[in-house]
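Please read these notes with the coordinates open. They go from the chains to the contact between them, and then to selected strands and residues.

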Amino acid sequence: MTETVTFTDIESNICTVARLVEEDKLYFVQMAGAPLMAILTAKRMRTPGVGYVVEEGAVAPSPTFPLGRMMLGASRSHYRSVCWTGMNVVDFHATLGYMDYGVLAAIQVDKYGNLNSTIIGGSYEKPERRFGGPGGGNEIASQCWRIIVMTKLQKRKFVEKVDFMSSPGYLDGSPDARERAGMPAGTGPYRIVTERAVFGFDEESHMMRLQAIAPWISVEEVLARMDFKPLIADPLEELAPPSEEELTILRSEIDPGGFTLSRGEWFNVERDDSGAMRLVSASGESADA
Amino acid sequence: MEVLASGVGEFRMPDPDGLRAYVREHKERRLVSKVMTEQDAISRFVEDGAYVAYDQNTAVRGPASLFREIIRQRKKNLWLCAKFTWSDVSLLVAGGCVSKVDVGWMATGPVVNRALQKGEIELIEWTNGALSYRLLAGAMGVPFLPMRYMGGTDAFARSAAKLLTDPYLEKPICVVPALNPDVGILHVHQCDVYGNARVFGAGVAPMEIGMASKRLIISTEEIIDNEAIRRQPQRTTIPYYFVDAVVLAPFGTYPGGVPGLYGADVQHVLEFAGAEGQDRMGEYLDKWVHSVASHEEMLEQRVGAKKLLHLRQEETVREGYYE
């Protein structure tokens, strides 16, 4: 007997981050897309009381499930907050040290966890493609105690040096680099979550370290999808794929319109009686950046 | 204070004393009606080359009707504060109104990319928070403020922030220059004729923009009685003396929504995206801006009562806003 699990990279990332969420911590979450869905999945499934803020100034919203088909508009995503304020005020909450975790998405990340969401390719003056900019990512990445980043494992996304550093990781990796740039001490990237592997950082060198891999992929295959060689933890943890329950809740209650979840790369993974898993098929690289 | 590093981005030198002198000379202290048409508000208060800040965006409570009037009047060379915005910048760039953009975050489709490649617009890098914080400095009347982010990044290097040695702790600290826009444009839920304005829900920085801006144009879903303002003064976001113009603009955020009042028109958002993707922005602007004389005419002739009623019904959440 074998069973097949089918999911997208975005669904996998949402489930992985949702499992990291702790009820006794506070989260600063990027306003839309996968980061917001991750905290909402956590609230729905495991940590209903967990508090989070979004950059436009909603504190500890408590949306009711199922969510609307499209979370366009503030009234649904800010529903039943404990406080409605503005951007500066929630940024101050992070400056003061109340935000344990920041959850962000990025289009490119480097070996020190620096993040790009501004340009890809070409020069700054003549970029091949221009993206939206850091948004609130910089203040989140600078000031929350620990940063969790959601992205996709691709060679052009995991690079030696980002094309543009929109938001800070450990900068050049040197000791106290963040403090020397004016950021609060003791902060920095904590996990980089992808559909195939999860990375942490070495406490001394601040180098990215492979921390967990999916049971259907080898270390060599992970490394082949990166432009630099990370440190490798020993032992490696297992990155479990989304469960049936998680996928059902994601698809029916978190993003019933499928506007976020259904984009990206689809995976079919087979699990046999012994629990061993293998990748049956993947839909290939998506066109996203 | 020792300067450790400086960004190279262009910026307007803060001028708190110049602003004080302007305020003393020009801002109306009396309770007088500032109600006027969108045509008058834009032609009187937005000059070519002005620095313009606005709150929220295409999706939520952005001042879309006033953006369309800016395009209709063919304003040129505006410098936009693009914090937490969406396709607003694309719309104004397509309208030929923009030469510079301070970027926190904005949607960057074909219109912005093409204008960049042709060198028609120049971007200066910031972050959403940094721009809101610069507006806070502007609202406080001080020349700069210290903050604990942005240092060390390329966003810093392309901004006009500086890294200093803090004179008290003698540690590095990032500072940003105050931002005092020539014109602030806010769309609000309610306002009286004098400009006492109420924004409901999480804003982004409506108070900061209102206080920092040299001139302030408010568009409002409804004009309410001054007595209603005085019964619940806690609900006032911006008091009257900051305000230069009050423009009545029901559905003023269309195609976006106003929380607690009406939802966004997803169909229109897709029409915009289609026009942008297929290089038909000229047609889009003709239909929605140039071929109608006003916001009211656009609602009547292009949107229609049926759609507007539907958008009202789409917004099912009232609690927290009007209740």
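The numbered points below describe a predicted model.

1. Chain A, overall. Chain A has eight helices and 18 strands. Its radius of gyration is 18 Å, close to the 19 Å that the globule rule gives for 289 residues, so chain A is as compact as a globular protein of that length. Taken along the principal axes, the box filled by its C-alpha atoms is roughly 55 × 45 × 40 Å. Of the 289 residues, 53% count as buried. Among contacts in chain A with a separation of 6 or more, 67% are between residues 24 or more positions apart.

2. Chain B, overall. In chain B there are 13 helices and twelve strands. The radius of gyration, 20 Å, is close to the 20 Å from the globule rule for 323 residues, so chain B too is as compact as a globular protein of its length. The C-alpha trace spans about 60 × 50 × 35 Å along the principal axes. Buried residues account for 54% of the 323 residues. Of the contacts in chain B between residues at least 6 apart in sequence, 74% join residues at least 24 apart.

3. The largest nonpolar core. This core has 178 residues, and the members that touch the most others are B:Val52, B:Leu92 and B:Ile218. Which residues does B:Ile218 contact, leaving aside its neighbours within four places in sequence? They are B:Leu186, B:Val188, B:Cys191, B:Gly195, B:Ala197, B:Val243, B:Ala245, B:Val246 and B:Val247. In soluble globular proteins, nonpolar side chains tend to be buried together.

4. The contact between the chains. Chain B gives 46 residues to the contact and chain A gives 45 residues. On the side of chain B, the elements with two or more residues in the contact are α5 (110–117), α6 (128–140), α7 (154–157) and β8 (172–177) of chain B. Helix α6(B) supplies the largest share, five residues. By type, the chain B side divides into 25 nonpolar, 16 polar and five charged residues.

5. A:Asn138. This residue lies in helix α5 (residues 137–143) of chain A. Is A:Asn138 buried or exposed? A:Asn138 has 30 C-beta neighbours inside 10 Å and therefore counts as buried. Leaving aside neighbours within four places in sequence, its contacts fall in both chains: A:Ser166 and A:Ser167, and also B:Thr127, B:Gly129, B:Tyr149, B:Met150, B:Thr153 and B:Ala155. A:Asp110 is 28 residues from A:Asn138 in sequence, and their C-alpha atoms are 15 Å apart.

6. Strand β3 of chain A. In β3(A) (residues 51–54), A:Gly51 and A:Val53 point one way while A:Tyr52 and A:Val54 point the other way, and all are buried. In a regular strand the side chains alternate between the two faces of the sheet. Strand β2(A) (residues 26–29) runs parallel to β3(A) and is joined to it by four bridges. One of the facing pairs is A:Val29 with A:Val54. Together with helix α2 (residues 33–45) of chain A, β2(A) and β3(A) make a right-handed β-α-β unit.

7. The β3-β4 hairpin of chain A. Strand β4(A) (residues 58–59) runs antiparallel to β3(A), with two bridges between them. A:Val59 in β4(A) stands opposite A:Val53. The hairpin has three residues between the strands, and A:Gly57 takes a positive phi near 115 degrees.

8. Strand β16 of chain A. How many of the eight residues of β16(A) (residues 231–238) are buried? The count is zero, and the strand is hardly covered. Strand β15(A) (residues 208–213) pairs with β16(A) in the parallel sense over four bridges, and A:Arg209 stands opposite A:Leu231. With helix α7 (residues 219–224) of chain A, β15(A) and β16(A) make a right-handed β-α-β unit.

9. A three-stranded sheet of chain A. This open sheet has the order β8-β7-β12 and its pairing is mixed. β8 (115–116) and β12 (158–159) stand at the edges with a single partner strand each, so one side of each has no neighbour in the sheet. Strand β7(A) (residues 108–110) pairs antiparallel with β8(A) over two bridges, and A:Gln108 stands opposite A:Asn116.

Key:
Residues numbered from 1 in each chain as written. Chains lettered and ligands numbered in written order. Predicted model: local features only at pLDDT ≥ 70, side-chain atom pairs only at ≥ 80, totals over all residues. Core = buried A, V, L, I, M, F, W, Y, C linked by C-beta atoms within 7 Å. Buried ≥ 20, exposed ≤ 12 C-beta atoms within 10 Å, placed from the backbone. Contact = placed C-beta atoms within 7 Å. Rg over C-alpha atoms; globule rule 2.2 N^0.38 Å. Nonpolar A, V, L, I, M, F, W, Y, C, P; charged D, E, K, R; others polar. Pairing = 2+ DSSP bridges. Right-handed = clockwise from strand over helix to strand, strands pointing away.
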